[in-house]
Amino acid sequence: MTTLLYTHSACLEHDPGRHHPESPARLRAVLQALEGADFARLDRREAPEAELDDIARVHPRRFVEALLGAVPAQGHVGIDADTVMSPASGRAALRAAGAVVAAVDAVVAGEAANAFCAVRPPGHHAEPGRAMGFCLFNNAAIGALRAREAHGLARVAVVDFDVHHGNGTQAAFWDDASLFYASTHQYPLYPGTGSKGETGVGNIVNVPLRPMAGSAEFRAGFGREILPALDSFRPELIVVSAGFDAHKSDPLAQLLLDEADYTWVTEQLLDVADRHAKGRVVSTLEGGYDLAALGASAAAHLRVLMTAG
Ligand SMILES: [Zn+2]
């Protein structure tokens with residue numbers, strides 16, 4: 001079995017403005033890194049637009065309609081200081097969420113061992129009723145709920161190694177014991193959530209890492225806190241919020257990971273998925289703002305995904 005790669009050109013057209021770190025060049029860097037012969041076996045698919053019913057499992061319909069209604073015909077509309085929409089942003093957000101939905105459908109159907117969604121805008125800061133932090137819809141949470149509601153999976157985990165805490169995913173999963181959210185992140189850092197004490201109904205695991213922490217702290221925290229909890233939860237699908245901004249080259253944060261850490265964490269997640277989830281992993285791009293590090297890190301992640309099955 002192969003690895004699926006979902007993307008769409010609309011995700012390149014979402015433009016939060018000149019000098020914004022969440023730029024179309026990020027996605028171009030990821031796609032360029034996946035052009036080599038190593039990646040010829042990827043099964044490349046165009047991401048569909050998410051249906052309102054799929055998004056509405058996470059976000060209230062009125063919020064979704066208001067957000068899409070606020071997409072400007074020209075120029076930019078700011079939602080907050082960091083989160084800006086351009087005319088293509090609604091289409092991009094629908095394709096980003098739709099990529100994860102389609103990837104979940106395909107992986108659960110056994111069409112591939114796993115999938116990576118090369119999409120933007122990212123999603124993990126988007127709370128049920130609030131777009132924020134460069135994120136419009138919570139792509140990972142929408143995918144997780146698709147797996148539970150449309151495919152009847154009993155337990156779905158989201159694991160998030162972006163350098164920022166996924167406050168949106170945590171908020172969406174907070175009191176639902178059939179969902180699990182675990183995150184490593186720099187702390188303190190935007191958005192300010194993600195302390196160890198935030199545990200939901202025992203289904204949330206936060207591993208805050210001090211600024212300047214590197215590979216050793218990351219792997220120790222992940223191995224000691226997240227992997228045992230994930231094993232106990234026994235997910236039937238693992239959704240990965242794959243942000244690569246904990247890389248030592250990233251300009252937005254101060255963790256010191258490199259490509260080898262992304263190889264390692266991907267191997268760990270595939271092992272858990274093999275034990276409990278028939279190997280099923282759906283990964284979606286979150287952050288990562290140094291273009292060279294982002295491309296190399298995403299390639300390292302994909303190389304491991306492609307070893308599965
Ligand atoms: Zn981030």
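Biologist: How many residues of strand β6 (residues 156-160) are buried?

Modeller: This is a predicted model. In it, five of the five residues of β6 are buried, so the strand counts as mostly covered, with buried meaning under 20% relative accessible area. Val156, Val158 and Asp160 point one way from the strand, and Ala157 and Val159 point the other way.

Biologist: What makes β6 and strand β7 (residues 179-186) a pair?

Modeller: Two strands pair if there are at least two bridges between them. β6 and β7 have five bridges, in the parallel sense, and therefore count as a pair. Within it, valine 159 has alanine 182 of β7 as its bridge partner. Together with helix α7 (residues 167-173), the two strands make a right-handed β-α-β unit.

Biologist: How do you know that β6 also pairs with strand β9 (residues 237-242)?

Modeller: The cut-off of at least two bridges applies here too. β6 and β9 have five bridges in the parallel sense, so they pair. Serine 241 in β9 stands opposite aspartate 160.

Biologist: Why do aspartate 162 and histidine 164 count as buried?

Modeller: Aspartate 162 has 1% relative accessibility, which is under 20%, so aspartate 162 is buried. Histidine 164 has 8%, also under 20%, and is therefore buried.

Biologist: How many aromatic pairs does the structure hold?

Modeller: There are eight. In one of them, phenylalanine 222 and tryptophan 264 have ring centres 6.0 Å apart, within the 6.5 Å cut-off, and planes at 75 degrees, which is over 60, so the pair is edge-to-face.

Biologist: Why does this pair tie together separate parts of the sequence?

Modeller: Phenylalanine 222 is in helix α8 (residues 215-233) and tryptophan 264 in helix α9 (residues 259-276), so the parts joined are 42 residues apart in sequence. Both residues are buried. Elsewhere, ring pairs link Phe161, Phe244 and Tyr262 into a cluster.

Technical notes
Residues are numbered from 1 along each chain as its sequence is written. This is a predicted model: local features need pLDDT of at least 70, side-chain atom pairs count only at pLDDT 80 or more; totals for chains, interfaces and linings use all residues. Side-chain values use heavy atoms; hydrogens and water are left out. Buried means under 20% relative accessible area, exposed over 50%, partly exposed in between (1.4 Å probe, protein chains only). Helices (H or I, at least four residues) and strands (E, at least two) are DSSP runs, numbered from the N terminus. A crossover is right-handed if, with the strands pointing away from the viewer, the path from the first strand over the helix to the second runs clockwise. Rings of Phe, Tyr and Trp (its six-membered ring) pair if their centres lie within 6.5 Å; planes under 30 degrees apart count as stacked, over 60 as edge-to-face and the rest as tilted.
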